[in-house]
Amino acid sequence: MRIAILGNYATQFLRRSLVRRARSWGQPVECHEAEYDTVDMELLDEGSATYAFAPDVIVWHESTLALRTRFYNTPPAEREAFAEAYADRVGRLAERVAERVPSARILFPNLSLAFDDNVFGHYGLKIPSSWSFQVAKAGHLLHALAARQRNLFLLNARPPEGAVEVTDWTQVVNADLHFTPAYLDWLAGCLETVIVTLGGRFRKCVVLDLDNTLWGGVIGDDGMEGIQVGALGIGKAFTQFQKWLRELGRRGIILAVCSKNNEETAREPFLRHPEMVLRLDDIAVFVANWESKADNIARIRETLNIGFDAMVFLDDNPAEREIVRRHLPDVLVPELPEDPAGYLPFLIAANLFETASHSANDGERTRQYQEEFRRQELSRSVTDMDEFLRSLDMQASVTPFREEDVERIAQLTQRSNQFNLRTVRYTAADIRRLAADPGCETFSVQLSDRFGNYGLISAVIVRCRPDGGAAAIDTWIMSCRVLKRTVEALLMNEVVERLRARGIGGLAGEYLPTPKNALVAQLLPGLGMAADGENRYVLRLDRHIPLKTHIRKT
Amino acid sequence: MRYTIDDLLPIFRDVLEDDGITLSETTVAADVPGWDSMNHIYLVVAIEKRFKVKFTTYQIQNWKCVGDMLSELNK
């Protein structure tokens, strides 16, 4: 990971905090800091040190205080256009970065620290030529810019109320230090969260306790009329909390329940309590019994096929939290505040669910896991694997990457850790480039069966050589939800067919091991490729015998 | 109670990450390896935190040596 830092203030403290935090990322990190206040030169000049450094991430931090000084130096007649000129400049520079290092992401802490000058007081918000007006406008324009500029990612640079002192005015004067070291360390923490997420490590599931976590009281003792949610007692706190959880679910975070209760008792509020926000439809996996929560969370993990480090466990009971922490150290177990009114602000401030991408079908994940349950039940009722696969009645379409699938494919490359042959991470912009590259053959698979639609679940990128020599598998990824469905066989047949149509005679592939992808160590030999050195395989395409698959092509 | 060099020393050693540092009242930044302008800021933050004080712009500007810091703390 190569990180370049640029700013219009002394950024050494930000760099030091970032470097210190990077020690725990488990990957080598190199940091390059541009000279003081050289953003424009560094990003405009193709031969700049920043570009020579070939950054993966560009941290570009502008001090609002420095901006205000620039505003005061602007002739009054030009002040009404100040915000637009500023946003234009950021957009132009970001575009230069996109041309020069297409794969780099710009992380830009936004201008939320307004440093209002009260030259007009509150009335300034009615005066388009005032600083108050222009700084607020610049912030909005940057938001609009980031929504369309693909390599520009804004960060919310405002810390939670009272969390940390942003500016020490003595240090501003003495050392020209616009932000306190403590604030810059907080900001480095935000950058850390984003950068680690870009590397593919983020949370996908939240496991919820019920009594005194999702509602006040104990359903087994207090009954439906006694639990506090909605109007009763402190129910408002739980209602707010549930609404937020439902939003997480709609965004694509999987909600699961793990409760010490009789299952029927535990389900009742979800079915019949008039003021419950969360309903059974919102819960992907519901486990209520009297066994250890650590065991139950392990079972939930197995069903979802995700890593323990992708799970967050929320429980009001410190003893339960401790047990889960001890047995499942990779599961994140936040120390919830004692007062339920504090659950929500605490979790919001902790920002546990950072993401590097979003696609519209994320919210369907819960439904997909519910369908998966029904499939698992079917698989228990049939004994023969072939019979099971046949009974699923699977259909798939295999196409080159299409524009409407770009986000989802990028997301697959970023999220998939297990079924991922070479673990190359791509941004949406990268995927677009690969799709348009005549030297690449791309394959994406949409799968459905009698229980529902899986959506886009697998992608393959093959790089061809201009001389017609053996093509190489760059990427082979698949969602673990469709393991053992013979999707790989279908894809291999497709790859071979398309390469042969191009007149290519051979295919080479390699397995790049990571701590998480042992699952695909034998993928290529399993598909008929011959060993060619350690973890390397080759296939003569004229020798390929179409592999057996239970999926019909549409 | 009057603060002495011994109260400041642990802060210097901690911030500059060097247990070999020694200080006297006449020590200036140039005498101590690693005491650059950046670490100076960390020192000010650490001293303010440890002694629960807030220095003014004038105070910090008038520091020439460790003794100046001490006399400010002991005012």
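In which loop of chain A is A:Y123 found? In this predicted model, A:Y123 lies in the loop between β4 (105–109) and α6 (131–148) of chain A. The residue contributes to a nonpolar surface patch of about 430 Å². A:Y72, A:V119 and A:F120 complete that patch.

The domain assignment divides chain A into domain 1 (2–198), domain 2 (205–350) and domain 3 (383–553). Taken over C-alpha atoms, the centres of domain 1 of chain A and domain 2 of chain A are separated by 38 Å.

An open sheet of eight strands is formed in chain A. The strand order is β15-β16-β14-β13-β12-β11-β10-β17, with mixed pairing. The edges are taken by β15 (530–531) and β17 (551–553) of chain A; each has a single partner strand, so one side of each lacks a neighbour in the sheet. Strands β10 (residues 394–399) and β11 (residues 440–449) of chain A run antiparallel and are joined by five bridges. A:S397 has A:Q446 as its bridge partner in β11(A).

Helix α19 (residues 487–501) of chain A packs on this sheet. The helix touches β10, β11, β12 (452–463), β13 (471–478), β14 (506–510), β16 (536–540) and β17 of chain A. The direction of α19 makes about 145 degrees with that of β11(A).

Over all chains, 38 salt bridges are found. One salt bridge links A:E263 with A:R267, whose closest N and O atoms are 2.8 Å apart. Both A:E263 and A:R267 lie in helix α11 (residues 263–272) of chain A.

Terms used: Residues are numbered from 1 along each chain as its sequence is written. Chains are lettered from A and ligands numbered from 1 in the order in which they are written. This is a predicted model: local features need pLDDT of at least 70, side-chain atom pairs count only at pLDDT 80 or more; totals for chains, interfaces and linings use all residues. Side-chain values use heavy atoms; hydrogens and water are left out. Domain bounds come from an automatic or database domain assignment. Two strands pair if DSSP finds at least two bridges between them. Helices (H or I, at least four residues) and strands (E, at least two) are DSSP runs, numbered from the N terminus. Contact means heavy atoms within 4.5 Å. Axes are lines fitted to C-alpha atoms, for helices over the stretch in contact, and angles run from 0 to 180 degrees between N-to-C directions. Patches are made of residues with over 30% relative accessible area and no salt bridge: like charges are joined within 9 Å, nonpolar side chains (Val, Leu, Ile, Met, Phe, Trp, Tyr) within 5 Å. Accessible areas come from the Shrake-Rupley method with a 1.4 Å probe; for residues, only the protein chains shown count as cover. A salt bridge is a side-chain nitrogen of Lys or Arg within 4 Å of a carboxyl oxygen of Asp or Glu.
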